[in-house]
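Look over the sequence and the 3D structure below before reading on.

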Amino acid sequence: MATNAIDRTRRLLSLVTYLRDRPGARVDDVARAFGITEEELISDLQVLPLCGTSFRGGDLLDIDTDGEHIWWYNAAAVNSSAGEPLRLAADEATALLVAARAVATLPGLRESDREALLRATAKLEAAAGESAVAGARLSVTFESEGSVFADVDRAIAERRRLRIRYYSPGRDELSEREIDPIRLFAVGHTYVEAWCRRSEGRRIFRLDRVAHLELLDTPADPPPLEPRDLSAGLVQPSPDDPEVVIEVGLGGRWITEYYPYDAAEELPDGGLRVTLRTPDPHTLRRLVLRLGPDGRVVEPAELAVSARDAARAALAAYEELGPV
């Protein structure tokens with residue numbers, strides 16, 4: 001079953017209560033209780049130590065696992081029976097107020113959620129006193145990704161199809177397509193995993209490359225799919241994808257650290273002959289341009305021609321500008 005950001009947050013909150021009452025719980029038992037894989041549970045456990053009642057020493061959740069059992073070393077940090085009243089430091093109150101005001105301005109936020117957030121903000125302002133005054137002088141403006149995130153999250157929650165206009169940097173073009181969103185996730189940037197009706201396949205779209213988004217009334221109906229395992233990285237080529245062979249000099253050896261590859265053969269000059277795979281070789285055009293004199297496309301020939309044409313067009317544009 002696909003999980004969106006809100007579902008995962010709810011699961012994390014439930015996980016805190018569950019683990020507090022079960023010291024030394026077995027990983028397989030907890031995963032079974034929450035209906036998730038052990039890999040998903042381990043991923044959750046890597047997030048929980050970043051959470052707590054504050055970001056001060058001793059307040060973050062000290063949770064660890066040896067792969068078989070889960071141990072919580074400071075469960076009292078969130079133990080309501082401790083009887084300590086909740087107090088917010090000035091910086092915490094300011095951060096909460098600024099964040100709450102910013103989120104309340106997000107397009108796509110459900111009106112009921114916006115009203116609840118504004119009510120909570122008003123109560124926090126009353127309790128914060130001088131901190132609220134300081135926070136009023138600060139503001140956060142979300143880029144377009146924030147609006148897209150809210151709409152995609154709503155589409156997932158309401159199981160609705162999306163029509164998007166998407167920029168593909170590899171082809172340097174905008175394409176329009178309808179997608180059935182499956183889940184949101186973040187790996188450096190924020191992405192949506194979806195079933196693309198145009199390509200009839202699972203695709204991943206980076207939110208800051210969505211130029212336009214429309215929430216449709218058509219129900220989303222993706223085929224039953226297991227969420228992709230991202231532990232091996234975002235880019236996971238298939239053995240059936242076309243091969244690309246690139247020769248790089250000493251200054252281009254870094255590509256083996258950032259791109260999954262099938263083979264890397266040492267060359268006499270200290271360079272490498274790298275073989276990798278991609279569903280669309282033209283998506284590597286930017287990589288080839290970035291390599292410049294440190295790289296040469298061996299095959300396919302079409303990629304070499306495309307990169308050469310793009311380089312010539314860029315050079316011509318600079319020449320038209322004249323001396324600066």
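In which strand does Arg-163 lie? Arg-163 is part of strand S4, which covers residues 160-168; helices (H or I, at least four residues) and strands (E, at least two) are DSSP runs, numbered from the N terminus. The model is predicted, so local features need pLDDT of at least 70 and side-chain atom pairs count only at pLDDT 80 or more, while totals for chains, interfaces and linings use all residues. Residues are numbered from 1 along each chain as its sequence is written, and side-chain values use heavy atoms, with hydrogens and water left out.

Arg-163 counts as partly exposed because its relative accessibility is 26%. Here buried means under 20% relative accessible area, exposed means over 50%, and partly exposed is in between (1.4 Å probe, protein chains only). Arg-163 and Arg-177 are 14 residues apart along the chain, and their C-alpha atoms are separated by 5.8 Å. Beyond its neighbours within four places in sequence, Arg-163 has contacts that include Glu-176, Arg-177, Glu-178 and Glu-214; a contact means heavy atoms within 4.5 Å.

Arg-163 also belongs to a network of salt bridges with Arg-161, Glu-178, Asp-180, Arg-197 and Glu-214. A salt bridge is a side-chain nitrogen of Lys or Arg within 4 Å of a carboxyl oxygen of Asp or Glu. By this rule the count comes to 21 salt bridges. One of them joins the side chains of Arg-161 and Glu-178, at 3.9 Å from N to O. Arg-161 lies in strand S4 and Glu-178 in strand S5 (residues 173-187), so this pair ties together parts that are 17 residues apart in sequence. Arg-161 is buried, at 13% relative accessibility, whereas Glu-178 is partly exposed, at 25%.

Another salt bridge links Glu-247 and Arg-296, whose closest N and O atoms are 2.8 Å apart. Glu-247 is in strand S9 (residues 243-248) and Arg-296 in strand S12 (residues 295-299), so the pair ties together parts that are 49 residues apart in sequence. Glu-247 is buried, with a relative accessible area of 19%, and Arg-296 is partly exposed, at 47%.

What of the whole chain: how many helices and strands are there? The chain has ten helices and twelve strands. Of its 324 residues, 34% count as buried. Among contacts between residues at least 6 apart in sequence, 56% join residues at least 24 apart.
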